[in-house]
Amino acid sequence: MKKSIWVIIIILALGIFGYYGITAFVIKGNTLSSEFGQCLIDNGAIFYGAEWCNHCQSQKEMLGRNVVKVLYDNQGYIECPENQKLCESKGITGYPTWIINGTKYEGIQSIELLSSITSCELSYE
């Protein structure tokens, strides 16, 4: 009886540690680098959105904290409710919207598409 309890405890412990170890590895291994964010800016990409916009939040989650920070810090992200005149002058009618070298891309854009449009290499930390 005692042996089977120990076996169950060991299996549960390995399962829990294995899950959290793999999860931490996957999250860390799939975080886009700040260099990708800087490359987007260097190649004329600007993300227009609104804090309350669920699709904008999804886009930010796809980009990850490193890229979002670079966009915020370098005027690569424009909060349209706070910059209405600017957004109106750019023809922004919905969120999220990207303008990359004068071309407008409405809705959530995949990381792969942003990489392709800007020729920015996908780099991870």
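# A walk through the chain

Read along the sequence, the chain follows the pattern α-α-β-α-α-β-α-β-β-α. That pattern contains six helices and four strands. The model is a predicted one. The chain has 125 residues, and buried residues make up 32% of them. Among contacts between residues at least 6 apart in sequence, 72% join residues at least 24 apart.

Four strands form an open sheet, and their order across it is β2-β1-β3-β4. The pairing in this sheet is mixed. β2 (77-79) and β4 are the edge strands, each pairing on one side only. From one strand to the next, the twist averages 20°.

β1 and β2 run parallel and are joined by three bridges. On to the next pair: β1 and β3 run antiparallel, with four bridges joining them. Here A45 has I100 in β3 as its bridge partner. The last pair is β3 with strand β4 (residues 103-106), which run antiparallel and are joined by four bridges. In this pair, I99 stands opposite K104 in β4. β3 and β4 form a hairpin with two residues between the strands. In that hairpin, N101 takes a positive phi near 50°.

How many of the five residues of β1 are buried? Four of them are, so β1 is largely enclosed by the rest of the structure. Buried here means under 20% relative accessible area.

The helices come next, beginning with a pair that pack on each other. Two packed helices are described by the angle between their axes and the distance between the axes. For helix α2 (residues 34-42) and helix α4 (residues 65-73), the axes come within 7 Å and cross at roughly 40°. The crossing in which α2 passes α4 is right-handed. On the α2 side, the contact is made by S34, F36, G37, Q38, L40 and I41. On the α4 side, N66, V67, V70 and L71 take part. Sorted by class, the contact of α2 with α4 has six nonpolar and four polar residues, and no charged ones.

One residue of this contact can be examined in more detail. L71 is found in helix α4. Is L71 buried or exposed? L71 has a relative accessible area of 1%, so this residue is buried. Not counting residues up to four places away in sequence, L71 touches G37, I41, F47, L63, G76, Y77 and W98. G37 and I41 belong to the α2 side of the helix contact. L71 and G37 are 34 residues apart in sequence, while their C-alpha atoms are 6.4 Å apart in space.

Helix α6 (residues 111-118) is another helix to follow. Its buried residues are I111, L114, S115 and T118. Which elements do the buried residues of α6 pack against? They pack against α2, β1 (45-49), α3 (54-63) and β3 (97-100).

Within helix α6, S115 can be taken as an example. Its relative accessible area is 13%, so S115 counts as buried. Leaving aside neighbours within four places in sequence, S115 is in contact with F36, C120, E121 and L122. Among these partners, F36 also takes part in the contact of α2 with α4. After α6 comes S119, whose phi is positive, near 60°.

How values were computed:
Residues numbered from 1 in each chain as written. Predicted model: local features only at pLDDT ≥ 70, side-chain atom pairs only at ≥ 80, totals over all residues. Heavy atoms only, no water. Axes fitted to C-alpha atoms, helices over the stretch in contact; angles between N-to-C directions. Left-handed = near helix turned anticlockwise from the far one by under 90°. Contact = heavy atoms within 4.5 Å. Nonpolar A, V, L, I, M, F, W, Y, C, P; charged D, E, K, R; others polar. Buried < 20%, exposed > 50% of the residue type's maximum accessible area, 1.4 Å probe, protein only. Pairing = 2+ DSSP bridges.
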